[in-house]
Amino acid sequence: MSSPEGGLGGRRTAEVGMALAAAGFGAVVVFGALQHDTGWGPTGPGAGYFPFRIGLLLIGVATLLALRQLRAGVPGRFCEPGAPRRVAALLVPTLVFGAALAPLGAYVPMMLYLLWMARRTARAGWALSLLIALAMPAGFFLMFEVWLGVPLAKGPLEEALGIY
């Protein structure tokens, strides 16, 4: 059970945890940069010059934020009641969309995602939802495939229709 005072599962725990995760990410960046030249050569900065310094900066700032949270007073609740449900209402369909891209290509998941979000989240009527769900993938097809010549991932439906 989380307490509003910032106990286990409270806001302080979340803030410190995110700061430590950011510091860990910074450490990964520093480690990766050390695999390259981190100095300045006759032709300019080495490949690891900027990532090394950005990683150190991220570690430093994240450590300061974690220490600040540990020394701070009572921070309050992590989130308002009902907020996790609203976040999940956006996160879960987005994760499903991302997982469907590889097997189905970009267009069918995009259409289904937009239809779901228009109906469920925006509470749009069927006509508007279908218009959005059909027009946006068509617009993306024209923009990327036709005008820019950049193919997006295709799936079995596009292959069956000969749009491959």
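1. Contact here means heavy atoms within 4.5 Å. Helices (H or I, at least four residues) and strands (E, at least two) are DSSP runs, numbered from the N terminus. Buried denotes under 20% relative accessible area, exposed over 50%, and partly exposed in between (1.4 Å probe, protein chains only).

2. The model is predicted: local features need pLDDT of at least 70, side-chain atom pairs count only at pLDDT 80 or more, and totals for chains, interfaces and linings use all residues. Residues are numbered from 1 along each chain as its sequence is written, and side-chain values use heavy atoms, with hydrogens and water left out.

3. Helix H2 covers residues 49-71. Its 23 residues should span 33 Å at 1.5 Å a residue, and its end C-alpha atoms are 34 Å apart, which agrees; the expected span is 1.5 Å times one less than the number of residues. The buried residues of H2 are Tyr49, Phe52, Gly55, Ala62, Ala66 and Gln69. These buried residues pack against helix H1 (11-33), strand S1 (40-41) and strand S2 (44-45).

The side chain of Arg12 reaches the backbone oxygen of Gln69 at 3.0 Å. This is a polar contact (a pair of N or O atoms within 3.5 Å; within protein, one must be able to donate a hydrogen and the other to accept it, and residues adjacent in sequence count only if both atoms are side-chain atoms).

4. Ring pairs link Trp40, Tyr49 and Phe50 into a cluster. The charged end of Arg53 sits over the ring of Tyr49, 3.9 Å from its centre; the criterion is NZ of Lys or CZ of Arg within 6 Å of the ring centre and within 35 degrees of the ring normal.

5. Five aromatic pairs are present in the structure. Rings of Phe, Tyr and Trp (its six-membered ring) pair if their centres lie within 6.5 Å, with planes under 30 degrees apart counted as stacked, over 60 as edge-to-face and the rest as tilted. Tyr107 and Phe141 form an edge-to-face pair, 5.9 Å centre to centre with 65° between the planes. The pair links distant parts of the chain, Tyr107 in helix H4 and Phe141 in helix H5, 34 residues apart. Tyr107 is buried at 8% relative accessibility, whereas Phe141 is partly exposed at 28%.

6. Helix H4 (residues 107-121) has 15 residues that should span 21 Å; its end C-alpha atoms are 20 Å apart, which agrees. Its buried residues are Tyr107, Val108, Pro109, Met110, Leu115, Met117 and Ala118. They pack against helix H3 (83-104), helix H5 (126-148) and helix H6 (156-160). Arg123, which follows H4, has a positive phi near 55°.

7. Ser129 belongs to helix H5 and is buried, with 0% relative accessibility. Residues up to four places away in sequence aside, Ser129 touches Leu115, Ala118, Arg119 and Ala124.

8. One salt bridge is found in a search of the whole structure; the term requires a side-chain nitrogen of Lys or Arg within 4 Å of a carboxyl oxygen of Asp or Glu. The side chains of Glu145 and Lys154 meet in a salt bridge at 2.6 Å, N to O. Glu145 is buried at 18% relative accessible area, and Lys154 is buried at 16%.
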